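Below are some notes on the ligand site, for reading alongside the coordinates.

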Amino acid sequence: MKFFVDTADVEAIRDLNDLGMADGVTTNPSLILKSGRDILEVTKEICGIVSGPVSAEVVALTADEMIAEGRKLAEIAPNIAVKVPLTWDGLKTCKVLTGEGHMVNVTLCFSANQALLAAKAGATFISPFIGRLDDINLDGLDLISDIRTIYDNYGFDTQILAASIRTANHVAQCAMIGADVVTAPPAVIKSLANHVLTDKGLDQFMQDWAKTGQTIL
Ligand code: E4P
């Protein structure tokens, strides 16, 4: 399973990329706002750090304008994936831009039928939002599972990019279900290394080692 980093924080991306933990990056208008940076400038910088897909989102609402914005974003670097919302205009944009050879990430997906439409429109990635479904007392992981079944039933090659990941459990469950990618904030990716028994075991080893009076170097 691939890890994308869900942030426009360049230092956090560089840090995870150095460890081989950043197979790509996803951004959205809220993350651009949080970064305080110009979208074209920060996206170009991110594309220079990671070699995998970097999602940059259009902000227009009509297909003609989305297509124009998408083409401009795609000029930033060859690894741009143009991110479009799951609306009819977004789907039209997806069809046109993938036809031109661009990667397209269809975002704000909250149902299996929406994911089916995105695949039929030729999306490179579908982004179902797990956390936001959990927020309204639905099970976001059930949606990942449903989409996996549908895509496998019909051999769609659209990649399931599980988004709105809030917990380490979301990541493990997505891997079990067979999501192609998870995109998660840097803090969630780093939290995957944590386990209380690792901390406890290390503490015991350090105490015992101190009692040996030895050194390695
Ligand atoms: C995905 O591409 C989105 O940028 C992101 O995962 C949304 O996450 P949130 O619901 O935590 O804002």
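**Ligand site and pocket**

1. The side chain of Arg132 places an N or O atom 2.6 Å from an oxygen atom of the ligand; a polar contact here is a pair of N or O atoms within 3.5 Å. A polar side-chain atom of Ser164 is 2.7 Å from a ligand oxygen, and for the side chain of Arg166 the distance from an N or O atom to a ligand oxygen is 3.1 Å. The protein buries 85% of the 340 Å² that the ligand exposes when taken alone (Shrake-Rupley areas, 1.4 Å probe).

2. This is a predicted model, in which local features need pLDDT of at least 70 and side-chain atom pairs pLDDT 80 or more, while totals for chains, interfaces and linings use all residues. Numbering starts from 1 along each chain as its sequence is written, and side-chain values use heavy atoms, without hydrogens or water.

3. The residues around the ligand (a heavy atom within 4 Å of it) are Asp6, Thr26, Asn28, Lys83, Phe129, Arg132, Ala163, Ser164 and Arg166. By class this shell has 2 nonpolar, 3 polar and 4 charged residues.

4. The ligand takes up the space of the largest pocket (more than half of its atoms within 2 Å of the grid points). A pocket is an open set of points on a 1 Å grid over the protein atoms alone, with protein on both sides within 12 Å along at least five of seven lines; lining residues have an atom within 4 Å of a point. The largest pocket holds about 460 Å³, the space filled by probe spheres set on the points.

5. Of the 27 lining residues, Asp6, Asn28, Leu31, Lys34 and Pro185 lie nearest the pocket centre. Helix H1 (10-18) and helix H2 (29-35) are the elements giving two or more residues to this lining; H2 has the largest share, 4 residues.

Methods. Polar contact = N/O pair within 3.5 Å; in protein donor to acceptor, adjacent residues only side chain to side chain. 1 Å grid on protein atoms, 1.4 Å probe; cavity = no way out; pocket = protein on both sides within 12 Å on 5 of 7 lines; lining within 4 Å. Nonpolar A, V, L, I, M, F, W, Y, C, P; charged D, E, K, R; others polar.
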